[in-house]
Amino acid sequence: MHPDLEKAKSALKSENCTCVLALGNVIFRSSESGLKPLMDWMYSGNNYMGFMVADKIVGRAAAFIIIAMGIREVYAEVISEPAKKLLENNQISVTAETVVPEILNADKTDVYPLDKSVEGIENAADALMTIELAIVRMNL
């Protein structure tokens, strides 16, 4: 595991974060839930190419955002099999504590809605548009 990913993983575990980006001496932390940290960082205007990310839960929707951001390596406490495969197919190294078939919604009755929204999509740009539309629809 890359030393920057170790830093991100350590912050994730010891600082009550949900998602951490790290590269060199630069570390961004968030305690927000869902895709919000990744979405906020992606649209911040900053360049995260080559950064490492440590995240509590990574599903397929998060994987598409990670790809779009140019993240180099991922640590996840929990990752879905489709997300892991998608990241690895895009030359992003993945380390995970637990790999599950799918990320489930809060009441564990169905697939997480944003992961469900990108089922069958293989292109990151298409996935991002679909995720954004799904978020707008969910907030109505």
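Ala61, Phe64, Ile65, Ile67 and Ala68 of helix H3 pack against Ala124, Ala127, Leu128 and Ile131 of helix H6 in this predicted model. Sorted by type, the residues of that H3–H6 contact come out as nine nonpolar, no polar and no charged. H3 also has a contact with H4, and nine of the 10 residues in H3 are buried. Elsewhere there are salt bridges to look at, nine by count.

**H3 against H6**

- H3 covers residues 60-69 and H6 covers residues 124-138; their axes come within 9 Å of each other and cross at roughly 125°.
- As for handedness, the crossing of H3 past H6 is left-handed.

**H3 against H4**

- The axes of H3 and H4 come within 8 Å, with a crossing angle of roughly 20°.
- With the cut-off for roughly parallel set at under 35 degrees, H3 and H4 are therefore roughly parallel to each other.
- This crossing is right-handed.
- On the H3 side the contact uses Arg60, Ala63, Phe64, Ile66 and Ile67, and on the H4 side Pro82, Ala83, Leu86 and Leu87.
- By type, the H3–H4 contact splits into eight nonpolar residues, no polar ones and one charged.
- Phe64 and Ile67 turn up in the contact with H6 and again in the contact with H4.

**How covered H3 is**

- H3 is mostly covered, with nine of its 10 residues buried.
- The buried set is Arg60, Ala61, Ala62, Ala63, Phe64, Ile65, Ile66, Ile67 and Met69.
- Just past the end of H3, Gly70 adopts a positive phi of about 80°.

**Arg60 and its partner**

- Arg60 makes a salt bridge with Glu122, and the closest N and O atoms are 3.1 Å apart.
- This pair ties together distant parts of the chain: Arg60 sits in H3, while Glu122 is in the loop between helix H5 (113-117) and H6, 62 residues apart.
- Which end of the pair is buried and which is exposed? Arg60 has a relative accessible area of 12%, so Arg60 counts as buried.
- Glu122 comes in at 59% relative accessibility and so counts as exposed.
- Arg60 is also among the H3 residues that make the contact with H4.

**Other salt bridges**

- Glu88 pairs with Lys84, with 2.7 Å between the closest N and O atoms.
- Both Glu88 and Lys84 belong to helix H4 (residues 81-89), and they are four residues apart, about one turn of the helix.
- In general, an α-helix has 3.6 residues a turn, so residues three or four places apart point the same way.
- Glu88 is partly exposed because its relative accessible area is 36%, and Lys84 is likewise partly exposed because its value is 23%.
- Asp110 and Lys116 meet through their side chains in a salt bridge at 2.4 Å, N to O.
- Asp110 is partly exposed, with a relative accessible area of 32%, and Lys116 is partly exposed too, with 37%.
- Lys13, Lys56, Glu77 and Glu97 are joined in a network of salt bridges.

**Ala11 in H1**

- Ala11 belongs to helix H1, which runs over residues 3-14.
- Its relative accessibility is 3%, so Ala11 counts as buried.
- What does Ala11 touch, leaving aside neighbours within four places in sequence? Ala11 is in contact with Asn16, Cys17, Val20 and Arg29.
- Leu35 is 24 residues away from Ala11 in sequence, and the two C-alpha atoms are 18 Å apart in space.

**Ser33 in a loop**

- Ser33 is found in the loop between strand S2 (26-30) and helix H2 (36-42).
- Ser33 is exposed because its relative accessible area is 60%.
- Ser33 and Cys19 are 14 residues apart along the chain, with 8.6 Å between their C-alpha atoms.

Note on methods. Residues are numbered from 1 along each chain as its sequence is written. This is a predicted model: local features need pLDDT of at least 70, side-chain atom pairs count only at pLDDT 80 or more; totals for chains, interfaces and linings use all residues. Side-chain values use heavy atoms; hydrogens and water are left out. Axes are lines fitted to C-alpha atoms, for helices over the stretch in contact, and angles run from 0 to 180 degrees between N-to-C directions. Helices (H or I, at least four residues) and strands (E, at least two) are DSSP runs, numbered from the N terminus. A crossing is left-handed if the near helix is turned anticlockwise from the far one by less than a right angle, and right-handed if clockwise. Contact means heavy atoms within 4.5 Å. Ala, Val, Leu, Ile, Met, Phe, Trp, Tyr, Cys and Pro count as nonpolar, Asp, Glu, Lys and Arg as charged, and the others, Gly among them, as polar. Buried means under 20% relative accessible area, exposed over 50%, partly exposed in between (1.4 Å probe, protein chains only). A salt bridge is a side-chain nitrogen of Lys or Arg within 4 Å of a carboxyl oxygen of Asp or Glu. Angles under 35 degrees count as roughly parallel, over 145 as roughly antiparallel, 65 to 115 as roughly perpendicular and the rest as oblique.
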